[in-house]
Amino acid sequence: MRKYVLPALLLFLFILESMSVDFFGLHNFHEEWIIVPRFMLIVIVLCAIYTSPYVGLICAMLFGFLYDVVYTEILGVYLFAFGISVYIVSSILRFVNTNYLISFLMVLVSISITEHLVFGIHSLIGTTELTHSDFLSMRMVPTLIFNAIIALLLLFPIKLFMERLAIEQKDELT
């Protein structure tokens with residue numbers, strides 16, 4: 001039964017991301033800012049850090065594809081971006097010890113990689129009119145600030161949840 005909690009949590013966060021723009025009033029902060037909530041990606045990165053990079057990568061690709069199907073017209077953009085960002089974070093974590101600060105920074109790195117990849121793909125195919133400097137000032141910085149606050153709030157409870165989930169998975173295997 002516990003193995004269904006993580007997918008249910010990610011599905012809940014997937015739905016919450018679209019509602020949070022209105023709930024938090026994100027469009028009211030500044031007229032030109034584009035704030036993109038990435039709750040699901042935050043939890044997926046923490047899953048990759050505290051349980052297994054493999055589990056995080058699978059979740060990133062599955063929910064990235066779901067994100068593509070529901071929210072975008074181009075299939076594969078978020079599948080690719082979420083997968084690559086979680087893979088890069090998992091690769092970096094092989095060389096550093098994990099603590100709260102490193103986990104927090106890895107979440108921000110993952111969001112930054114995802115946003116840049118999505119912007120780069122849309123720039124490449126011509127579906128965005130933003131310049132890179134406009135992207136940084138209007139979308140990247142506000143998105144990182146908002147998601148940093150959310151990551152600080154979610155870091156400790158999600159870490160505890162992921163550690164318990166990892167312990168239960170090990171107990172099931174033995």
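Ala, Val, Leu, Ile, Met, Phe, Trp, Tyr, Cys and Pro count here as nonpolar, Asp, Glu, Lys and Arg as charged, and the others, Gly among them, as polar. The model is predicted, with local features requiring pLDDT of at least 70 and side-chain atom pairs pLDDT 80 or more, whereas totals for chains, interfaces and linings use all residues. Residues are numbered from 1 along each chain as its sequence is written, and side-chain values use heavy atoms, leaving out hydrogens and water.

**View 1. Lining of the second largest pocket.** A pocket is an open set of points on a 1 Å grid over the protein atoms alone, where a 1.4 Å probe fits, with protein on both sides within 12 Å along at least five of seven lines; lining residues have an atom within 4 Å of a point. This pocket holds about 210 Å³ of space, the volume being that filled by probe spheres set on the points, which are joined across faces, edges and corners. Of its 12 lining residues, Leu6, Pro7, Val55, Cys59 and Gln169 are the closest to the centre. By class, the lining comprises nine nonpolar, one polar and two charged residues. H3 provides the largest share, six residues; H1, H3 and H6 each supply at least two. Helices are DSSP runs (H or I, at least four residues) numbered from the N terminus.

**View 2. Lining of the largest pocket.** The volume of the largest pocket is about 510 Å³. Among its 21 lining residues, Val36, Arg38, Tyr78, Val118 and Arg139 are the closest to the centre. At least two lining residues come from each of H1 (5-23), H3 (53-71), H5 (100-125) and H6 (132-173). The lining divides into 12 nonpolar, five polar and four charged residues.

**View 3. The largest nonpolar core.** Such a core joins buried Ala, Val, Leu, Ile, Met, Phe, Trp, Tyr and Cys residues through side-chain atoms within 4.5 Å, where buried means under 20% relative accessible area (1.4 Å probe, protein chains only). The core has 43 residues, and those with the most contacts inside it are Leu6, Leu10, Met40, Ile44, Leu46 and Met162. H2 (39-50) and H4 (77-93) are among the elements giving two or more residues; H2 contributes the largest share, 12 residues.

**View 4. Surroundings of Leu6.** Leaving aside residues up to four places away in sequence, Leu6 touches Val43, Cys47, Val55, Cys59, Phe161, Met162 and Leu165, a contact being heavy atoms within 4.5 Å.

Conventions
Buried means under 20% relative accessible area, exposed over 50%, partly exposed in between (1.4 Å probe, protein chains only).
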